[in-house]
Amino acid sequence: MSAFRPFFLLGTLYAPLLMCAWLGAWFGVWSGPVGDMPPALWHGHEMIFGFSTAIILGIVLTALPSWAGTAEIHGGRLALLVAAWLAGRLAFWAMPLLPAGFAAAADCLLFPLVFATVAPQLLRAANRLYLLLLPVLAAFFAANLAFHLGIGAGNQAFAGVALHGGLYTILTLYVLKGGVLTPIFTGNALREKGRGDQTPFRMWLDVTAVGLVVVLAALDLAGAPPRWVGLAALGCTLVHAWRVARWQGWRVADVPLLLVMHLGFAWLILAFALKALAALTGLVADAAWLHAFTVGSLGMMMLGLMTRVSLRHTGRPLKLPTAMRVACALVFTAAIARLALSMPQIRALAIAAAALLWAAAFGIYLSRFGALLARPSLPRTTGTPNN
């Protein structure tokens, strides 16, 4: 069994449940499940270290054998990682009932286990760039640990900063991995359709793009003056717009699986622009960029990659099913609704609409692929590992 099967299944089962819990707390139906922790903190934690972590691990652990030439993670090792994810979720929700520190220890166990599982293989990989995954895993662990330390000390502000650290870690992985997969898949489609070839990578541009994200994260998490943060965000906007424009996504707009990925990067550029606008002018709320990234950019990319991985690794043709086109449209609409929070008169409606649309999108994935994830794969057709 490949890693995408249990992690995609668990992640998409968890997503609508988590969103319902958040909506219930937002509308005052209940006070929240985790003691006195504000809903924004437990919602943010579980979106990052619960739902997103499951989807990310499903994608990354499945991709490594094809891309880095590592051995597949399956059997007992995969079962241990899945059990650690489940244990973290159960411990987090049962935090008020458990001894001090027990929930934190259980929830923080997953990333060290993933690190110990993949590090020996990546150290032997021919392409040393895959070693960049190791500091990313370490950053995930550090952010989660910092969150629990903040909660344990009653310092909710520090816990909030830790959550932003986890989000910036996802953002860094996004521009690293998405910035490789998207142009390669685009090049494959261009060649198949006789429209030319892939735009060549420019290492200095990719390094600059990732480096600017790291600089933005460092400045923002350190509480640097808004002008510095805004200029870093503006730099990210311009460099990533240039980087993405070079991929010529408009030339494969008739390939829905690729269109979804390019739209994800369009939302990313908008997120950086909103961050710059908020920091430099104050004309928009700082939270706007977070929603543009998490709901729009990350949501679109997750659905696109989950569909691609599920189809390819079960032997199905790489064609975006109609149901998933609807799901992607729902996420796109949810992101627009979430940004409408700047209009106070429709704030409650926008939150409810965004949450329900987003949850419905991942529910559609579950209804379309849930049974497929539990069934054996079809015989795989020949093709390059990067298709």
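Helices (H or I, at least four residues) and strands (E, at least two) are DSSP runs, numbered from the N terminus. I note this first, as the entries below use helix numbers.

**Entry 1. The model**

I worked on a predicted model, in which local features need pLDDT of at least 70, side-chain atom pairs count only at pLDDT 80 or more, and totals for chains, interfaces and linings use all residues. Residues are numbered from 1 along each chain as its sequence is written, and side-chain values use heavy atoms, with hydrogens and water left out.

**Entry 2. A loop residue**

I looked up glutamine 248, which is placed in the loop between helix 9 (226-246) and helix 10 (256-281). Its phi is positive, at about 55 degrees, although glutamine 248 is not a glycine.

I found leucine 238 in helix 9. Leucine 238 is exposed because its relative accessible area is 55%. Its C-alpha atom is separated by 31 Å from that of alanine 40, 198 residues apart along the chain.

I found alanine 209 in helix 8. Its relative accessibility is 0%, so alanine 209 counts as buried. Between the C-alpha atoms of alanine 209 and valine 239, which are 30 residues apart along the chain, I read 6.1 Å.

I found alanine 350 in helix 13. Alanine 350 counts as buried because its relative accessibility is 6%.

**Entry 3. The largest pocket**

I recorded a volume of about 960 Å³ for the largest pocket. On a 1 Å grid over the protein atoms alone, a pocket is an open set of points where a 1.4 Å probe fits, with protein on both sides within 12 Å along at least five of seven lines; lining residues have an atom within 4 Å of a point. Grid points are joined across faces, edges and corners, and the volume is the space filled by probe spheres set on the points.

Which residues are the closest to the centre of the largest pocket? Of the 36 lining residues, they are His43, Leu290, His291, Thr294 and Arg338. Among the helices that each supply at least two lining residues are helix 2 (39-68), helix 11 (287-312) and helix 13 (347-374). I counted the lining by class as 26 nonpolar, 8 polar and 2 charged residues (Ala, Val, Leu, Ile, Met, Phe, Trp, Tyr, Cys and Pro are nonpolar, Asp, Glu, Lys and Arg charged, and the others, Gly among them, polar).

**Entry 4. The second largest pocket**

The second largest pocket holds about 610 Å³ of space. Of its 20 lining residues, Leu129, Leu132, Leu176, Lys177 and Val180 are the closest to its centre. Helix 2, helix 7 and helix 8 (203-221) give two or more residues to this lining, and helix 7 gives the most, with 6 residues. By class, the lining has 16 nonpolar, 1 polar and 3 charged residues.

Note on methods: Buried means under 20% relative accessible area, exposed over 50%, partly exposed in between (1.4 Å probe, protein chains only).
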